[in-house]
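Good morning, and thank you for coming.

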Amino acid sequence: MHDIITLPGLGGSGDTHWQTQWERSEPRFTRFRPASWDRPELDDWEQSLERAIERCPKPPVLVAHSLACLLVAHWAARFPTAIAGACLVAVPDPDGANFPAEAAAFKPVPERALRFPSLIIASTNDPYGAIEVSQRRARSWQSGLVELGALGHINASSGLGDWPQGRALLDAFRAGLPR
């Protein structure tokens, strides 16, 4: 089995966020730790992700939410380190009206195909990224795409609890990865 690294977005994932609940439920989950969740610096986030990956005994699976999805694309363009795959939940639109100014360093987003298997999970009413943006990213990154319907930003405010549907999608994604 692969280790799993969770990558929260801006502000981190609080106690009621599904990422935090997944981390509590299984010791295989670990969280990457940038210097600041609230003032994200792309280089720091990339270096923090690289360190987290290097601590794993074999290539891990990344589970990114929101801004961290963009981090994965930037990291993949800069670092050759192997990962097993990435599950990218609620990819935001850096050109959208609701994209936070403090995350401007994450623009522009690399458009090239990711060099590892990836799955985008999207909501049809995400205030931070229209479904069309997720569809475009899936094409450019050569990622699978699952459109779940109206779940908002797929975060704690969406009222998903430990989000069993998301966990089932992650488990199915992981099952299809090389061992």
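The model shown here is predicted. Let us begin with strand E3, residues 61-65, which pairs with E4 in the parallel sense over five bridges. Within this pairing, His-65 stands opposite Val-89 in E4. Between the two strands, the chain passes from E3 through helix H3, residues 67-78, to E4, and this β-α-β crossover is right-handed.

E4 also has a partner in strand E5, residues 118-122: they pair in the parallel sense over four bridges. Here Val-89 stands opposite Ile-121 in E5.

Is strand E4 enclosed or open? Five of the five residues of E4, residues 85-89, are buried, so the strand is largely enclosed by the rest of the structure. In a regular strand, side chains alternate between the two faces of the sheet. In E4, Gly-85, Cys-87 and Val-89 point one way, while Ala-86 and Leu-88 point the other way, and all are buried.

I now turn to Thr-20, which lies in helix H1, residues 18-25. Is Thr-20 buried or exposed? Its relative accessible area is 8%, which is under the 20% limit, so Thr-20 is counted as buried.

Which residues does Thr-20 touch, leaving aside those up to four places away in sequence? They are Ser-13, Gly-14, Asp-15 and Arg-31. The side chain of Thr-20 reaches the backbone oxygen of Ser-13 at 2.8 Å, and also makes a polar contact with the side chain of Arg-31, at 2.8 Å.

Thank you for your attention.

How values were computed. Residues numbered from 1 in each chain as written. Predicted model: local features only at pLDDT ≥ 70, side-chain atom pairs only at ≥ 80, totals over all residues. Heavy atoms only, no water. Buried < 20%, exposed > 50% of the residue type's maximum accessible area, 1.4 Å probe, protein only. Contact = heavy atoms within 4.5 Å. Polar contact = N/O pair within 3.5 Å; in protein donor to acceptor, adjacent residues only side chain to side chain. Pairing = 2+ DSSP bridges. Right-handed = clockwise from strand over helix to strand, strands pointing away.
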